[in-house]
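Me: I have a model open and want to go through it piece by piece. Can you take my questions as they come?

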Amino acid sequence: MSEPILSIKDLQVNYGAIEALRGVSLEVPEKQVVALIGANGAGKTTTLRAVSRMLRPVAGSVRFQGEEITRLAPHEIVARGLAHAPEGRGIFLNLTVQENLELGAFLRKDAAGIAEDMEKFYGLFPILKERRHQVSGTLSGGEQQMLAVARALMSRPRLLLLDEPSLGLAPQVVERIFQVLRDISAQGVALLLVEQNAHKALQIAHRGYVLETGEVVMQGTGKELLASPEVRKAYLGE
Amino acid sequence: MEQVKLALRSALPFLIALPVLWGVSEVLRYYEFTSFQYILMMAFIDVILAVSLNVINGFTGQFSIGHAGFMAIGAYTAAKITLAARGLEIIGLPPGISDQVIFLLALLAGMCTASIAGFLVGMPSLRLRGDYLAIVTLGFNEIIRVVIENTSFLGQATGLSGLPRRTTLVWVGMGAMATILMARRLVGSTHGRALLAIREDEVAAEAMGVNTTGYKVRAFVISAAFAGLAGGLLVHLIQLCTPRSFTFVKSIEVVVMVVLGGMGSITGSVIAAFVLRFGVEALREAQQYRMVLYSMLLIVLMLTRPTGLFGTREIWDWLPRLRRNRAEGGAR
C-alpha cells in the first residue's frame, strides 16, 4: 500500500488545563473515506481543527502527503490541498451562494477551472444553482450544508475534512449529502469525516476510528466497526 | 494599446474632476463665498478620513478608533517637509508650480510614514479582536499625541505654525476622489473579497485559505496611508499643526461618520461626512445647544436606522450594469 495522504501521530491538544486529545494517532489512506466517531466531547472536532491548524497542538505530528504540516499557518495548509468544512457550516451568511463558492476558490488562479468546477458543483447540487444570487443566510439548513461542502471542494482539495455534515438535517437531506460524499470520494478525494450519525458514516467509510475522551479506543474497517458489539451498543443504540 | 486604454480609463475620473473642481473654486472665489469654500474643503477631508477608515471598520470588520494617530503622523511629516522646503525652488520650474510639486511630494511622504505606522501598529495588534483591538488603537492614538507633545523637533504642545496655505479645493477634491476610487477598486478585487470574508466570518475565511492576519495588516496600511493624506491636507488648510487637532475626539468623529453612513458603504461614508460637517456648521445658530442637538440627532438616527444610512449598499448598486459586475466579480 502507498503512503497515506494524512497521518497523525500522538496528537495532543489542551484547552487550558483540560486535555482534549491525549495522543491520537490515525491515518487516512489516499482516496479513501475515514470516519471518526465518538460521543460528545470525545475530541472529534478538536482533531480536525488541530489538523487544519485552527488550533495549536501541544505535541505530536501531522503529515500531509509526506510533508510535516504541524507548524504551518492555516492558509498554507489549504494551499497544499487540504480543505476543512468547519462545524456549524461556517458559510458567509451575508454573501450570496456564488460569492461563497468564489471564496472557496480564493487561492486558485485559473479562472476557467474555477468556472468549470462551479458548474460541476451546481450539477451536484441543483438547488444551489437555482439560488446562486441569493444571500446564503436565507438558505435552509440542508442547503447551507450543501454549500459548505461545495465551497470546501472549490479549492480542489486532495483531502477534505468534514465536521458533522448531517447535523440537524432532515433524514432525506442527510441521504442526499451522503450520496454526494460517495460521489466525491469516487472522484478520488480522500475524506476524513466526523459524525454523530455513526451508522451512516460507517456505511460509507473504508476505515473508522472510535474516539473516547481524547483517545482512540477502537479502529477497523467500516464493516468491522458496524458489526462490533461494543460499537453497536454504545453508538448505534442497540 | 489595451494597457493605454486601461490607464486612460483609470485616469478619466481625475481628468473630469480637475476642471470641474477648479471651476467651482474659481466661482466660489469670484462671489467671495470664502467660508462656504472652507467648509467644503473640510468636508472633503472628512470624506477621505471616513472612506479610508471604512476600509478597516466597514470592509474588514475590525474596530479601529485610532485614525487620528495616523493623521497626525502624515500631517507632521508633510508639515516638516513644506517648512524645510520654504524658499526652495525646483530648478527649471516656475515658483508657483514648484510649490505645488513640493506639496505633492510632502503629501506622498506623509502617506508613506503613516502607512509605515499602520504596519507597525498592525503587526502585533491585529491578532486581537473586537474590543481589544479598539483599545490598542486608541492607546496608539494617545501615544502619538503624547510623543508629539514632548518632542521639541515637532514643536511640542504649541505645534508647528507658519505653514504655507497650500490646500485648495482642487487638492482636497482630488484626494477624496483618489480615496473613493481606491476603496471601490479594492472591494471589487480579490483582495477586497478576502477582507469581506474576514468581516463575515474569520474562522471560515481562514478555512478558505485566506491569510487573515496578512490581509488585516494590508487593510491597515492602506487605510493609514489615506489618513496621512487627510492629515497633510488639513494642516496646510488651517496653516497650523498641533497635537490638539489629532486627539481621540477626532478619531471618534471619524468613527461616527462611518457608523452613521453604514459600515461597509462608501457612499454612506461620503454622505455622512458631508451631512455631519455641514450639519455642525448649520447648527451654529443654536449656539450653546449645538452639541446637544448634534448628539440627539445621532441618537435618533441610530435608533431608527441601526445599520446606518446605507447599510452595506452603494449608490451604484442601483445601476444595473454595475450591479451585475459586482455579483459576478471576484473570481475573474
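Me: Which order do the strands of the open sheet of 4 strands in chain A have?

Reply: The order is S2-S1-S4-S5 in chain A, with antiparallel pairing. Strands here are DSSP runs of E, at least two residues long, and helices are runs of H or I, at least four residues long, both numbered from the N terminus. Two strands pair if DSSP finds at least two bridges between them. Before we go on, this is a predicted model, where local features need pLDDT of at least 70, side-chain atom pairs count only at pLDDT 80 or more, and totals for chains, interfaces and linings use all residues. Residues are numbered from 1 along each chain as its sequence is written, and chains are lettered from A and ligands numbered from 1 in the order in which they are written.

Me: Which are the edge strands there?

Reply: Strand S2 (18-28) and strand S5 (67-68) of chain A, each pairing on one side only. S5(A) is joined to strand S4 (residues 59-64) of chain A by 2 bridges, in the antiparallel sense. Phe64(A) is opposite Glu67(A) in S5(A).

Me: And the sheet of 6 strands, what is its order?

Reply: S6-S7-S8-S3-S9-S10 in chain A, an open sheet with mixed pairing. Strand S6 (82-85) and strand S10 (215-221) of chain A each have a single partner strand, so one side of each has no neighbour in the sheet. From one strand to the next the twist averages 15 degrees, with axes being lines fitted to C-alpha atoms (for helices over the stretch in contact) and angles running from 0 to 180 degrees between N-to-C directions.

Me: How many bridges join S6 to S7 in chain A?

Reply: There are 4, and the two strands run parallel. His84(A) sits opposite Leu161(A) in S7(A).

Me: Is S3 of chain A mostly covered or uncovered?

Reply: Mostly covered: 6 of the 6 residues in S3(A), residues 33-38, are buried. Buried means 20 or more other C-beta atoms within 10 Å of the residue's own; exposed means 12 or fewer, partly exposed is in between, and C-beta atoms are placed from the backbone. Val33(A), Ala35(A) and Ile37(A) point one way from the strand, while Val34(A), Leu36(A) and Gly38(A) point the other way.

Me: What are the partners of S3(A)?

Reply: S3(A) runs parallel to S8(A), residues 190-195, with 5 bridges, and Ala35(A) is opposite Leu193(A). S3(A) also runs parallel to S9(A), residues 207-212, with 5 bridges. There, Val34(A) is opposite Arg207(A).

Me: Switching topic. How many residues does the contact between the chains take?

Reply: 27 residues from chain A and 18 residues from chain B, where contact means C-beta atoms, placed from the backbone, within 7 Å. Helices H2 (74-79), H3 (97-104) and H4 (111-124) of chain A each supply at least two residues of the side that touches chain B.

Me: What does secondary structure come to in chain B?

Reply: 13 helices and 2 strands. Of its 332 residues, 45% count as buried.

Me: Which residues are buried in H10 of chain B?

Reply: Among them are Val254(B), Val255(B), Met257(B) and Leu260(B). Their cover includes helix H2 (34-59), helix H5 (130-149) and helix H11 (266-282) of chain B.

Me: What follows H10(B)?

Reply: Gly262(B), with a positive phi near 115 degrees.

Methods
Two residues are in contact if their C-beta atoms, placed from the backbone, lie within 7 Å.
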